[in-house]
Amino acid sequence: MAKAPVLTPQADDFPRWYQDLITKAELADNGPVRGTMVIRPYGYGLWERMQAEMDARIKETGTQNAYFPLLIPESYLAREADHVEGFAPELAVVTHGGGKELEEPAVVRPTSEMIINEYFAKWVQSYRDLPLLINQWANVVRWELRPRLFLRTSEFLWQEGHTAHATYEEARDFAARIHRRVYEDFMLNVLAMDVVPGRKTVKERFAGAVNTLTLEGMMGDGKALQMATSHELGQNFAKAFNTRYLSRDGRQELVWQTSWGSTTRMIGALVMMHGDDNGLRVPPRLAQIQAVVLAIKGEEPVLAKVRELGDRLKAAGVRVHVDDRTDIPFGRRAVDWELKGVPVRIEIGPRDLENGTAMLARRIPGGKEPVSLDALAELIPKALEEDQALLLKQSRERRESRTTEVSTFEEAVEAATAGGWARIPWAVLGEQGEAELAEHAVTVRCLVAEDGSVPDDGDAPGNVAVVARAY
């Protein structure tokens, strides 16, 4: 009898494959409260690498990290009507503390616009205090009715940026800068994820924003996933919190604001965009382990060689792990590293030592071949860059091959429900068509200009709606 596959094949049941992979690659477990998750060390290692890459890009914009409280007075949320209406169904509210009923209930933050604006109003006095650029790495709680690990959980980790500016133009340009130079650059060049940058429709924009910029990625099953968003808040929150500054000409002016965020959802995207029936495929620039060197047998010359090779690869700038656990069967260890998506596996046994070679397995393109031990330190960095480029190419080819240009509502629905994306003129679809898409579990993921750029206006002539089913 043929051995049962380690993972449910994607073609048989994509959601089950996803859940199998999350579990068997040891990324996360369900938490004890419905909708929560425990992120395991390997999964958290991916998040740490994401944090490091994103944090560096965020700081390059002049933004500084800070931290704000988890609990927010309930009254704060009432100050901006659209904002509270947008988040009301997802709120977790604390009514008791220390054995007593609280004088005022506290909301567990679903996002931090409210509490951060309370302090922005204190900190901003003059044009000299602007721009004020703040980011925080934190957790948030949004009570989720249909949880799925990494994609939709009641508690998740993220970064959220909040800024205040003297003019509308400065705020608009900063939101766009975050969108392209932080988020899109990170996703293309580190995550190797092809994404479509665009503008959300009025219906889909962030609660309380005047414009939301998004990056949409196509997953392995053809569905879309919102990867990160950057919002122009206008003066809505400045009015609610009376956040004013003394201008250069001595007038009291309201600030203009932005907020922007990305979450642990990106780990779910990593699984669904790059994973295959053998497990994860982690982009080399992201991977906390880029190469694993495995000892096939526990003989001392083999152990000495794998450790020596590990040191040489480390000196060559490769993030390497030496697996000398020869009390665990080699086949099991090889399958585990395959599941975890480590880009390169180098296997060394007694016969390899005799031949002066190692068996090189490349996870991303697949395949194994013997390679000279002396050549590995030079070869591996080049292979990692090749594999990084291949992942991005594959994700782009998937999106392009499964995106259909359509001219009618019916064609858009057909393309989206068949497991792909559709591009339809916004002038044809419009807000009425967008509302009708919901009856087919289809949404407008974003609006783009005819040339693929982000439009300056949601109703600009020539805008195209990207339509899909989504997570």
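This is a predicted model: local features need pLDDT of at least 70, side-chain atom pairs count only at pLDDT 80 or more; totals for chains, interfaces and linings use all residues.
Leaving aside neighbours within four places in sequence, E232 is in contact with Y168, R172, A175, A209, V210, N211 and Q257. E232 sits in strand β11, which covers residues 224–234. Is E232 buried or exposed? Its relative accessible area is 8%, so E232 counts as buried.

One of the contacts of E232 is R172, and R172 leads us to the charged pairs. The side chain of R172 forms a salt bridge with that of D173, at 3.0 Å from N to O. R172 is partly exposed, at 32% relative accessibility, and D173 is likewise partly exposed, with a relative accessible area of 42%.

How many salt bridges does the structure hold? The count is 32, and I shall discuss a few of them.

Consider R363 and D276, whose side chains meet in a salt bridge at 2.6 Å, N to O. R363 belongs to the loop between β18 (357–362) and β19 (368–372), while D276 belongs to the loop between α8 (265–274) and β15; the pair therefore ties together parts that lie 87 residues apart in sequence. As for accessibility, R363 is buried at 6%, whereas D276 is partly exposed at 21%. The cut-off for buried is under 20% relative accessible area, so D276, at 21%, falls in the partly exposed class.

A further pair is E308 with R312, where the side chains form a salt bridge at 3.6 Å, N to O. Why are E308 and R312 separated by about one helical turn? The reason is that they are four residues apart in helix α9. E308 has 36% relative accessibility and is partly exposed; R312, at 25%, is partly exposed as well.

Salt bridges also link R49, E53, R57 and D185 into a network.

Helix α9 brings me to the strands around it. Strand β15 (residues 291–295), helix α9 (residues 300–315) and strand β16 (residues 320–323) make up a right-handed β-α-β unit. Within this unit, β15 and β16 pair in the parallel sense over four bridges, and L294 stands opposite D323 of β16.

Which way do the residues of β15 point? A291, V293 and A295 point one way, V292 and L294 point the other way, and all of them are buried. With five of its five residues buried, β15 is therefore largely enclosed by the rest of the structure.

Let me now turn to the domains. The protein chain is divided into domain 1 (14–274), domain 2 (291–386) and domain 3 (403–469). The C-alpha centres of domain 1 and domain 3 are 25 Å apart. The contact between them draws on 20 residues from domain 1 and 20 residues from domain 3.

The size of an interface is often given as the accessible area lost when the parts come together. Between domain 1 and domain 3, the buried area is about 1,600 Å², and carbon and sulfur atoms contribute 61% of it. Which residues of domain 1 lose the most area to domain 3? They are R199, T201 and M218, which together account for 35% of what the domain 1 side buries. The number of salt bridges between domain 1 and domain 3 is one. Elsewhere in my notes on charged pairs I have R445 and E216, whose side chains meet in a salt bridge at 3.1 Å, N to O.

I close with S126. S126 lies in the loop between α5 (113–123) and β7 (132–141). With a relative accessible area of 12%, S126 is buried. Apart from neighbours within four places in sequence, S126 is in contact with Y245 and L246.

Note on methods:
Residues are numbered from 1 along each chain as its sequence is written. Side-chain values use heavy atoms; hydrogens and water are left out. Buried means under 20% relative accessible area, exposed over 50%, partly exposed in between (1.4 Å probe, protein chains only). Helices (H or I, at least four residues) and strands (E, at least two) are DSSP runs, numbered from the N terminus. Two strands pair if DSSP finds at least two bridges between them. A crossover is right-handed if, with the strands pointing away from the viewer, the path from the first strand over the helix to the second runs clockwise. Domain bounds come from an automatic or database domain assignment. Contact means heavy atoms within 4.5 Å. Buried area is the accessible area (1.4 Å probe) that two parts lose on being put together, summed over both. A salt bridge is a side-chain nitrogen of Lys or Arg within 4 Å of a carboxyl oxygen of Asp or Glu.
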